[in-house]
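Subject: Structure handover

Hello,

Here is the structure I promised to pass on. Please open it first, then read my notes below.

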Amino acid sequence: MSYLFSCTQLTKSFGAQHLFSDVSLVVHPGDRVGLIGPNGSGKSTLLQIMCGLEEQDSGEILKKKNLIVSYLSQEDRFDLDQDLIENLLQSLKDAPISEEEKTSRIQAMLSRAEFTDFSIPAGQLSGGWKKRLALCRALVPEPDLLVLDEPTNHLDIEGILWLEELLAGSYNNQASAFILVSHDRRFLESSVNRIVELSKQYPAGSFQCEGTYADFLEKRHQFLVQQNQMEEKLANKVRRETEWLRRGPKARTTKARYRIDKAYKLQDELGKVRSRNRAGDQVSIEFSSTGRKTKKLLEARQIAKSFEQNALFCNLDILLSPGDKVGMLGRNGCGKSTLMKILTESSHGEYQLDHGHIKCADGLSIVSFDQERTAIDPDTTLRRALAPEGDSIVFRGRSVHVVSWAKKFLFRPDQLDTPVGQLSGGEQARILIAGIIRQPADVLLLDEPTNDLDIPSLEVLEESLLEFEGALVLVSHDRYLLDRVCDRVIGFTGDGTVHYYADYFQWVRELQQAQEKTMQVTDTPAEKAPQQKKKIKGRLSYLDQREYDGMEECILKAEQEIETLESNLVSLQEKGDQQGLAEVWNQLEVAKERVETLYERWETLEEKKQQGE
């Protein structure tokens, strides 16, 4: 098969910082490649090399003749005074088409991105809509190869779902292949057909796997197990050869010299394999709980808040007890961060609400993570950021030197005098996490803690949150994290209405149904008939198909919850705990209703699927 782009044995360093070596990659038409790797492994640099924005130190690059490449960087730069069409015209200035065709193509692309007003200045857009505009700018030239660096940054969950549908569907008419960097595992699972990981763990500098992200995880695990077994075998061989060398054979025959050379080669090989296996070291995240067993840590009753006459949330009740793990979902700007700030201030009694009240347990310890990262002074050194009061910190009752503490978060000793402002976004996120885990908490409030964290760090964060014994409130666009950690979610609709949902699928489905109802009301009868016909007789939509694929697992999880609650009922009956019985009984009724709803929805989707076949 002909290729679009090919590179062989690429190597790149910046001064003393070595990024990668011996990386080889071929992109064919139809490839949808996900590029992953730890922070600092050189992912963004490799993308820039592919686009001709950076030079490799060594290695060969070949490209298809007249290849059109579009690049989406992490930073969305626009002329903030120009309108949307004017900004996108810059990407078509060299296109051999008429001005009318350029404008028509841009308007079509903006419509697909769900923009309604093309005349507003780019400076009036939120971060999420600027990202959509940047994606439009990358797609308008109709590239052969689309290169995307963290395309989900600043997008809310609805924006991410829109991007998934774009890449999976009509995008294929725009470009024949794409390669993207992302730490969003659910996004990778649904969008790509090949995973490439850059890491010093691998002999060739990278590990590549055809298939989904789940396929990659399985094959990578097999490879790393084999590499660990190889280290063990080599260690045994080296130990035997070292014992032989120590005996020092007197006869320096050719055979003896050959064995000496072989022993030294084995030692070198063992050193390389051991170094690769240690290259996968992970950040250490261990949230500390106070161990308090108070049933009601925080209780909010009928709380409401508006901003500039826009209702953010109203009539919201929140009860946090030890072990509760609550997620928050909603569009950008819907009020999630405002609610998190109010909850943070509630332990001091300083919160400001339009209505309702919040009651906290005496001496409640609330530890929060702010997505704006205002707690970090960019001019302070890493040493002072990690250990503000000296050369050591106290963690779980014992003193830890700042060098050892830094290593737990994958910082090198030679970085300690580096100003924080010069560190990457992922490194700054690790500094904040290092600060909050030192504080024992009754309630953890984490507002977008996953921004800029690499996948290994995300996996460690998940495990730590699952083990945390206090209450957790988590705002995140990382659906994989929300699914694994949270037992329920608070969904914001953007009009002040707030409800509890079992998971983000249920929230998205309700939003989708609300949009369909709105369309049915606003459409004319002549327009409505063909749409309804298409909805009934067509194949499952992208979101419906994703929901259908995960329905069996959702039902199994819900039925397991019923079994757990029924077991708790028996236990509480034996103890004679009437108050506990009433609470668990109510939870059991809700759980049974949810299972019935899931089965009904499954039947509906099954019917739609059969009608479309």
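Is Leu139 buried or exposed? Leu139 is buried, because its relative accessible area is 2%. Buried means under 20% relative accessible area, exposed over 50%, and partly exposed in between (1.4 Å probe, protein chains only).

Some ground rules. This is a predicted model, in which local features need pLDDT of at least 70 and side-chain atom pairs count only at pLDDT 80 or more, while totals for chains, interfaces and linings use all residues. Residues are numbered from 1 along each chain as its sequence is written, and side-chain values use heavy atoms, with hydrogens and water left out.

Back to Leu139. This residue belongs to helix 4 (residues 127-139). Helices (H or I, at least four residues) and strands (E, at least two) are DSSP runs, numbered from the N terminus. Ser70 is 69 residues away from Leu139 in sequence. In space, their C-alpha atoms are 7.2 Å apart.

Three strands form an open sheet in the order 2-1-4, with antiparallel pairing. Strands pair if DSSP finds at least two bridges between them. Strand 2 (17-27) and strand 4 (58-63) are at the edges, each with a single partner strand, so one side of each has no neighbour in the sheet. From one strand to the next, the twist averages 20°. For that angle, axes are lines fitted to C-alpha atoms (for helices, over the stretch in contact), and angles run from 0 to 180 degrees between N-to-C directions. Strand 1 (residues 5-14) is joined to strand 2 by 7 bridges. Ser6 stands opposite Val26 in strand 2.

Now the cores. A nonpolar core is a set of buried Ala, Val, Leu, Ile, Met, Phe, Trp, Tyr and Cys residues joined through side-chain atoms within 4.5 Å. The largest has 51 residues. Among those touching the most other members are Phe287, Trp405, Ile437 and Leu465. Helix 12 (residues 425-436) gives the largest share, 6 residues. Another core, of 43 residues, lies apart from it and includes Ala138 and Leu155.

Leu465 is also one of the buried residues of helix 13. Helix 13 (residues 455-467) reaches 19 Å from its first C-alpha to its last.

Lastly, Ser206. Ser206 lies in strand 9 (residues 206-210) and counts as buried, at 12% relative accessibility. Leaving aside neighbours within four places in sequence, its contacts (heavy atoms within 4.5 Å) include Ser24 and Val196.

Best wishes

Note on methods
The expected span of a helix is 1.5 Å times one less than its number of residues.
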